[in-house]
Amino acid sequence: MNSGTVFQLDADDAVAFIEKQLEASETAQALFRALQDEGLTPNAQRSQLFGIYSRESRKSLSVGILPFVTEDLTAHGAISVSEGGFARAVVVHVQSRTDLIEFISLDFYEGDLLRQTFSKDELAAEGVEAVVERLDMLHSPQPLVELSGRQVSLVAHLAFTTLHRDEFSRAVYGADDLIAISKQAPSVADAAIVMLMTTAASPGGCSCSSSCYGCSSCSCSWG
C-alpha cells in the first residue's frame with residue numbers, strides 16, 4: 001500500500017528490519033524491556049515497515065513498528081524504530097475491550113526511562129497543543145530526514161487500519177468490536193501528533209526521530 005510519499009512494505013521485510021535495529025540500538029532494547037515490565041508481550045508477526053520520502057531532505061527513511069499486547073487485551077503497545085536506531089514506545093490502555101482510555105509514552109532519554117501519560121478525554125477537551133504544553137519536551141539528535149506532520153498522521157492511519165483488520169484482531173474481536181475500535185482512529189491520530197510535537201530536533205520541520213515514533217506511538221499500538 002502506498003500514498004504519495006509514504007509506502008507500506010511487506011511484513012517479512014518488517015520483521016527483518018526490526019530485528020536488525022533492535023540488535024543495534026540500546027535505546028530500542030531498553031524500551032523493549034520497559035514494555036515487558038508493563039506486562040506486554042511482543043507479537044513480531046504483526047510487525048510493520050514503512051518507507052517515507054522527505055521532499056524537504058530529498059531522502060527516504062525506513063520506520064519499523066513492533067506491536068505488543070497484554071493477554072487480557074487491556075493494554076496494547078508498540079516500539080517504533082528508524083534507521084540509525086532512534087526508538088520510542090507507547091502503551092495504550094483500554095477498557096471494555098474497545099474503549100481507549102489513555103496513552104503512555106515511553107522514552108529512553110539521557111540514560112533514563114521517561115514515562116508520560118495523557119488521556120483521550122484530555123485530548124478531546126483541551127486539544128493537542130494544550131496537552132503538549134504540559135508534557136516534557138525531548139531534544140533529539142539532528143534528524144536524518146525531515147518529515148511532515150501529515151506524513152506522521154498518514155503512517156498512524158495506515159498502521160492503525162492494518163492492525164485492527166489483521167488476522168490477530170479478527171481472531172480476538174467480534175465484528176461489533178472492530179467497528180467500535182475503528183471509531184477510535186481520530187484519537188489515535190491526535191496522540192500521534194502529540195508524540196511528534198514533544199520531540200524537538202531542528203528549528204524547522206518535523207524530525208525523523210519524532211516522526212518515527214509519531215507513527216507507531218499510537219497507530220500501531222492498538223490491534
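Of the 223 residues of the chain, 55% count as buried, where buried means under 20% relative accessible area, exposed over 50%, and partly exposed in between (1.4 Å probe, protein chains only). This is a predicted model, in which local features need pLDDT of at least 70 and side-chain atom pairs count only at pLDDT 80 or more, while totals for chains, interfaces and linings use all residues. Residues are numbered from 1 along each chain as its sequence is written, and side-chain values use heavy atoms, with hydrogens and water left out.

**Overall build**

- The chain has 9 helices and 13 strands; helices (H or I, at least four residues) and strands (E, at least two) are DSSP runs, numbered from the N terminus.
- Among the contacts in the chain with a separation of 6 or more, 65% are between residues 24 or more positions apart; a contact means heavy atoms within 4.5 Å.

**Salt bridges: the count**

- The whole structure holds 6 salt bridges, each being a side-chain nitrogen of Lys or Arg within 4 Å of a carboxyl oxygen of Asp or Glu.

**Salt bridge D177 to R97**

- The closest N and O atoms of D177 and R97 are 3.2 Å apart, and the two residues form a salt bridge.
- D177 belongs to helix 7 (residues 175–182) and R97 to the loop between strand 7 (87–95) and strand 8 (99–109), so this pair ties together parts that are 80 residues apart in sequence.
- R97 has a relative accessible area of 36% and is therefore partly exposed.

**Salt bridge D99 to K120**

- D99 and K120 meet through their side chains in a salt bridge, at 2.8 Å from N to O.
- Because D99 lies in strand 8 and K120 in helix 3 (residues 120–126), the pair ties together parts that are 21 residues apart in sequence.
- D99, with a relative accessible area of 26%, is partly exposed, whereas K120 counts as buried at 17% relative accessibility.

**Salt bridge R134 to E122**

- A salt bridge joins the side chains of R134 and E122, with 2.4 Å from N to O.
- This pair links distant parts of the chain, 12 residues apart: R134 is in the loop between helix 4 (128–133) and strand 10 (138–139), and E122 is in helix 3.
- R134 counts as partly exposed at 40% relative accessibility, and E122 is partly exposed with a relative accessible area of 25%.
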